[in-house]
Structures are given as C-alpha cells and as structure tokens.
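This report describes the model displayed below. It begins with a single residue and then widens to the chain as a whole.

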Amino acid sequence: MGGWFLTMSLGSKVAGLMTSSWDKFPDKRVYFIIWFVAAVIGSALIFSRIRSLNNILRAKTGEA
C-alpha cells in the first residue's frame, strides 16, 4: 500500500511540474511529445515487471 501512495504522490508531483510549465513551451507539440515519451517509458517499466509480478501473485495466492 505504501508503494501505491509513493507512486501516486510522485506522479502527481511530476504532473504538477509539467502543468506549471505549460506557458513556457512556445510549441505545444514538444509538451505532448514529452508526455508521450514518459508514458512509453512507464509502460515499458510496467511490462518488464510482469513476469516477477505473476510469480509473486502465484506465491501469495496459489493461483495464476
């Protein structure tokens, strides 16, 4: 549960920093490209952990 709160707080902090810098981007495409790249990196990190998360799930619940 603590990990959930930590990730949510860090994500909210980053979102707040990016939102506050909206006016500093003369070309808004760059702003959205930054968000897109961040989403791709985040999804790659999540997908890289799927195997270990499945193993943890099987160990804790006895199910797949």
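## Position and exposure of V37

V37 lies in helix 2, which covers residues 28-48. The model is predicted, and within it V37 has a relative accessible area of 41%. Because this value falls between the 20% limit for buried residues and the 50% limit for exposed ones, V37 is classed as partly exposed.

## Fold and dimensions

The protein chain contains three helices and zero strands. Read from the N terminus, the order of elements is α-α-α.

The radius of gyration of the protein chain is 17 Å, whereas a compact globule of 64 residues would have a value near 11 Å. The C-alpha trace extends over about 55 × 20 × 10 Å along its principal axes.

## Surface and burial

Of the 64 residues in the protein chain, 6% are buried. The accessible surface amounts to about 5,700 Å², and carbon and sulfur atoms account for 71% of that surface.

## Confidence of the prediction

The mean pLDDT of the protein chain is 89, and 98% of the residues reach at least 70. Confidence is highest in helix 2, with a mean of 92, and lowest in helix 3 (residues 50-61), with a mean of 88.

Key
Residues are numbered from 1 along each chain as its sequence is written. This is a predicted model: local features need pLDDT of at least 70, side-chain atom pairs count only at pLDDT 80 or more; totals for chains, interfaces and linings use all residues. Side-chain values use heavy atoms; hydrogens and water are left out. Helices (H or I, at least four residues) and strands (E, at least two) are DSSP runs, numbered from the N terminus. The radius of gyration is taken over C-alpha atoms; the globule rule is 2.2 Å times the number of residues to the power 0.38. Buried means under 20% relative accessible area, exposed over 50%, partly exposed in between (1.4 Å probe, protein chains only). Accessible areas come from the Shrake-Rupley method with a 1.4 Å probe; for residues, only the protein chains shown count as cover. pLDDT is the predictor's confidence in each residue, from 0 to 100.
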